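Please keep the sequence and the model at hand while reading.

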Amino acid sequence: MDRVPPELVYVVCSLLDDVDDILNFRLVSKLFADIGATYMLPEVTLYMHQDEFDRLRAISLHPIFAKHVSSLTYFAATLDSPKVSWREFVRDHKGRMKWSGRLRKLNLSPAQLMGEYKKYCDAVEIQDELMLEQKDVDVLKEVLPRFPKLETLTMSAGNYYYEGRPEKERKKPFDDVLRSGFPSGIHPEGKRPLESLLVANAHSPCALTELRAGSLHWRFFKRSERELAHMFRPLANLTTIELTISVDPADERINEGNSLRKCQRLLAKGAIRQILKSMPQLECLFFEVLNLECDQLERGACLKDVIEPGFHWPNLTELVLGGIVGDREDFMRVLIRHKDKLQKLCLRDVTLENTSWRKFLPDIRNNLNLEDACICGNIFGQAEDADDTHILFDDPLQAPGFEEWELSVPEVGAHNMRQSINMYCRQGGHKYPDEIPLCEFVVNSYYREFVAPHFTHEEEFIVSNFKLGDVELDGSEGEDDGNWEDVSEDGLDDDVIPGGWDNLFADDSALAIDMLMSGLEPPLPGWAINDDDEIYMPDPWDAYLNGDDSMLDMDTMWSSDSEAELDQFF
């Protein structure tokens, strides 16, 4: 083994995908150990936890690991801040038990549950102290300069860039806390971890080429121009930026009125536009506003508030825009300005204001030569010609000529019309007949011959390249440290229906629903109907928490001794 050329050893090690294989590879000899170390941790991760800070610091001090770190991800997942009350802790735990087999198996007594609450409170207090003293910023300022090959910074919140990828496991530092994983955390979403990353990088700028942040609450950008410039000016040489901004009224902790309107007004001031203008070397631009408001017709940003009219990125090859509104002429001016280099285009959940997709799609086809096109999500427009209005479904709630198509998204699965539109727009129209596939007749006429053969394997390729929500079907999003976590709380057991799906409809809830469908009058014994005409089984535990113990049946819960024990905690 000592006579094997090191160059060959490097090649062999580079082909090992699994961290366990690399660990075994390093056991062969000292040479193999040193070479294997260069492939162990190309990506490092971080949570708001002291153990994570110590781990990151140790990696930065390693003589080999530190030299080969190319990507750092800061996960926004935390415990509640501030902590919840004991009553809320118990209520939420009981609610989660209905869906979690793991929690049901624990079958905690009231005393044990109180012990878990104390552990939770201690963990939250430690976390709050770390945030107050900005320990995450301190450790990032310390370690970033020790990673000479660092190219990518990522802020991950929700299901972006990490969560939702169960094939890679890494335990969260607070997984042993009973409330871990509860959908709460620190508001606004993603604001603090991204701020910590950018402030630390501004302190000792790295040669970064890529920044990813999602999903990020819109309030992150509610700050002065000077402060934003301080954070983003060191990123002038980025070649890739991905920003997914969320507008979720359920996430507002105080009554702030219309969140979407406030987001629109903030972005109209030009914060995003100025940030993107400061990055002239961009090759890939991904910007999306996720509108989780009830009215999906509304979009979170205008095109002119994202891309400066007349601005040009000379090297731009990939453009992804989502949750945007603008006229087709505005979109075409941007696209034609970049047509020489632009190869990949994705427009997702886009609204054309006063203009038609029946005009826009031919414009794309005739003026661009795209390698990949992806028009997806819910798209809206307005017919421009009177001849087009007769083929649209009349909606009494919408203006005459209103256009709407639900095209789904690639990561959900195949969609004939979406795939047909994308083939229609590719490569200057050489791959599809010159008929706009915005009706089922055209789609069905050409799908089998011109579309289906190309999308047998290419649909996954499009999703992977555009990284929509980072759901990559081929799992190729980059090597990591091999210790990623399984985010499914209970594994696969809870997804299995005992006795099969037929047995699912044998329970009382399904029977009650069947009675409603048949016009019979429920509820069955023990069932009730709420104010929204929904069938439910009154929960004696919930009633007890609300001060009503008339339904309490301790045979199905705890003993009377346990009830008395629980009372003392309230």
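Which residues in helix 15 meet which residues in helix 16? In this predicted model, Leu-361, Pro-362, Ile-364 and Arg-365 in helix 15 meet Ile-421, Tyr-424 and Cys-425 in helix 16, where contact means heavy atoms within 4.5 Å. By class, this contact has six nonpolar, no polar and one charged residues, with Ala, Val, Leu, Ile, Met, Phe, Trp, Tyr, Cys and Pro counted as nonpolar, Asp, Glu, Lys and Arg as charged, and the others, Gly among them, as polar.

Two packed helices are described by the angle between their axes and the distance between the axes. Helix 15 (residues 357-367) and helix 16 (residues 416-425) pack at about 40°, and their axes are 8 Å apart; axes here are lines fitted to C-alpha atoms, for helices over the stretch in contact, and angles run from 0 to 180 degrees between N-to-C directions. Helix 15 and helix 16 are therefore oblique to each other, since angles under 35 degrees count as roughly parallel, over 145 as roughly antiparallel, 65 to 115 as roughly perpendicular and the rest as oblique.

A few conventions apply throughout: residues are numbered from 1 along each chain as its sequence is written, and side-chain values use heavy atoms, with hydrogens and water left out. Because the model is predicted, local features need pLDDT of at least 70 and side-chain atom pairs count only at pLDDT 80 or more, whereas totals for chains, interfaces and linings use all residues.

For the chain as a whole, the secondary structure comes to 21 helices and 16 strands; helices (H or I, at least four residues) and strands (E, at least two) are DSSP runs, numbered from the N terminus. Of the 570 residues, 48% count as buried, a term that means under 20% relative accessible area, with exposed over 50% and partly exposed in between (1.4 Å probe, protein chains only). Among contacts between residues at least 6 apart in sequence, 77% join residues at least 24 apart.

Nine strands form an open sheet with parallel pairing, in the order 1-2-3-4-5-6-8-10-12; two strands pair if DSSP finds at least two bridges between them. Strand 1 (43-46) and strand 12 (372-376) are the edge strands, each pairing on one side only, and the twist averages 10° from one strand to the next. Four bridges join strand 1 to strand 2 (residues 71-75), and Ser-71 in strand 2 is the bridge partner of Glu-43. In a regular strand the side chains alternate between the two faces of the sheet. In strand 1, Glu-43 and Thr-45 point one way and Val-44 and Leu-46 the other way, and all are buried. Elsewhere in the sheet, six bridges join strand 4 (residues 210-217) to strand 5 (residues 240-247), where Ile-241 is the bridge partner of Leu-211.

Strand 4 also holds Ser-215, which a cis peptide bond with omega of about -10° joins to Gly-214. Another cis peptide bond, with omega of about 5°, joins Ser-81 and Pro-82, and Pro-82 lies in the loop between strand 2 and helix 5 (86-97).

Some loop residues complete the picture. Asp-349, in the loop between strand 10 (344-348) and strand 11 (351-352), has a positive phi near 55° although it is other than glycine. Ser-408, in the loop between strand 14 and helix 16, has a positive phi of about 60° and is partly exposed, with a relative accessible area of 25%. Pro-400, in the loop between strand 13 (378-382) and strand 14 (402-406), is exposed, with a relative accessible area of 73%.
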